[in-house]
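Let us learn to read a protein model step by step. Look at the sequence and the fold first, then follow the dialogue.

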Amino acid sequence: MDTAAYMAEVGQQARRAAAEVARSTTATRNRALLATAEALEAARDEMARANGIDLERGIDNGLEPAMLDRLELTPARIDSMIEGLRQVASLPDPIGEITGMTYRPSGIQVGRMRVPLGVIGIIYESRPNVTVEAASLCLKSGNATILRGGSEAIESNRAIAACLGRGLTEAGLPEAAVQVIRTTDRAAVGELITMPQYVDVIVPRGGKGLIERISRDARVPVIKHLDGVCHVYVDSHADPEKALNIAINSKTQRYGTCNTMETLLVDEEVAADLLPLLAEAFQRKSVELRGCSRTRAILPATVEATEADWYAEYLAPILAVRVVDGVAGAIAHINQYSSRHTDCIVTENYTRARRFLTEVDSSSVMVNASTRFADGFEYGLGAEIGISTDKIHARGPVGLEGLTSQKYVVFGDGQVRS
């Protein structure tokens with residue numbers, strides 16, 4: 001296959017399809033989403049077989065446990081994919097919404113209309129469920145999308161792509177509105193991120209190396225999601241039971257996700273009481289603790305943490321632990337080492353909670369809730385195309401609104417400028 005020619009053809013088809021999707025009705029797009037949900041339900045066995053091939057190949061190739069976890073399509077994850085499609089279909093359509101209409105002294109009315117971005121290229125590793133999440137959000141928001149999944153998930157993605165094609169066809173929309181790249185040639189990524197004539201924005205989802213490469217080489221705007229170095233800070237005014245439950249859930253509910261806690265911070269005033277309880281709970285989950293000197297004074301069996309541990313996104317049963325000097329110490333640590341993804345304070349002190357919300361510079365900041373809630377589905381977005389750690393255009397879980405832009409619209413009645 002001539003990869004450059006193939007990607008140019010994909011881009012041309014996506015650009016044509018984007019125009020059709022943008023002018024389609026909400027009902028048509030919703031029908032495509034619901035028909036895809038029905039197709040996924042009917043194709044469970046096919047997806048399981050395809051995913052089994054990918055998993056077997058991944059094991060043979062020495063894929064890391066975190067990547068295998070992301071790759072697996074369990075029945076529950078298929079259920080979630082189907083539910084996500086239905087939830088996105090039920091969401092209000094942002095396209096065409098006009099806001100901020102005001103009269104100007106000239107008599108004209110000026111407002112802003114929400115419009116699709118156009119063609120969205122999405123590059124991701126492992127997780128085949130991203131194929132459905134990304135396609136559903138792009139379609140609902142009136143965009144066409146080009147999906148380039150990792151080679152480790154090629155069979156799973158092809159099975160899902162067939163269901164997406166059936167859903168689009170049933171709704172009368174072009175199959176090219178959602179294209180899953182058929183080749184595993186890495187050159188396809190290089191072509192995709194350098195086609196501004198066809199692609200309007202790139203959304204990379206994957207490891208730090210992938211995102212840094214795309215950010216460096218892309219000639220198309222990029223919505224970035226870097227590391228998920230997430231923190232939970234247990235304040236001296238925390239409810240101990242809440243602190244224990246939140247910390248354990250934030251770390252162990254799933255290890256291989258970007259919203260999993262990687263560093264636990266504990267106020268020095270309660271460290272001696274709470275750290276043994278936390279350590280015991282983490283030990284039952286077989287989580288390795290790496291602590292600062294003050295942590296190790298309380299928990300001598302803890303591995304000594306290095307400077308690199310405070311920056312680490314482990315995606316594994318390993319947790320960095322640090323004793324800090326109150327909320328000010330926690331905020332200082334987070335703003336130095338955090339990846340600006342998701343950070344949480346556990347406290348019953350309203351003033352400290354407000355300070356934490358104000359001063360921690362992350363895309364999601366939480367009070368008394370597990371970091372695992374930093375997710376488009378949990379936020380009511382239906383699904384997410386990624387979690388942006390950027391500050392421009394979109395930040396945090398990127399749902400429908402993050403996949404749109406606005407243009408000014410003007411209504412007049414014959415006015416001319418003097």
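This is a predicted model: local features need pLDDT of at least 70, side-chain atom pairs count only at pLDDT 80 or more; totals for chains, interfaces and linings use all residues.

Q: How many helices and strands does the protein chain have?
A: Helices (H or I, at least four residues) and strands (E, at least two) are DSSP runs, numbered from the N terminus. The protein chain has 15 helices and 16 strands.

Q: What does the radius of gyration of the protein chain agree with?
A: The radius is taken over C-alpha atoms, and the globule rule is 2.2 Å times the number of residues to the power 0.38. For 418 residues, a compact globule would come out near 22 Å; the protein chain has 23 Å, which agrees. Its C-alpha atoms fill a box of roughly 70 × 65 × 35 Å along the principal axes.

Q: How do strands β1 and β2 pair?
A: Two strands pair if DSSP finds at least two bridges between them. Strands β1 (residues 98–103) and β2 (residues 109–116) are antiparallel, with 4 bridges. Threonine 102 faces valine 110 in β2. The hairpin has 5 residues between its strands, and there glycine 107 takes a positive phi near 100°.

Q: Which strand do 8 bridges join to β2?
A: That is strand β16 (residues 404–411), and the two run antiparallel. Proline 116 stands opposite threonine 404 in β16.

Q: Is threonine 389 buried or exposed?
A: Buried means under 20% relative accessible area, exposed over 50%, partly exposed in between (1.4 Å probe, protein chains only). Threonine 389 has 12%, so the residue is buried. Threonine 389 sits in the loop between β14 (387–388) and β15 (396–397). Across the protein chain, buried residues make up 55% of the 418.

Q: Which residues does threonine 389 touch?
A: Contact means heavy atoms within 4.5 Å. Leaving out residues up to four places away in sequence, threonine 389 touches Lys224, His225, Leu226, Ser339, Arg340 and His341.

Q: Where is arginine 340?
A: Arginine 340 lies in the loop between α14 (326–337) and β12 (342–346). Its phi is near 65°, a positive value in a residue other than glycine. Arginine 340 is partly exposed, at 24% relative accessible area.

Definitions and conventions. Residues are numbered from 1 along each chain as its sequence is written. Side-chain values use heavy atoms; hydrogens and water are left out.
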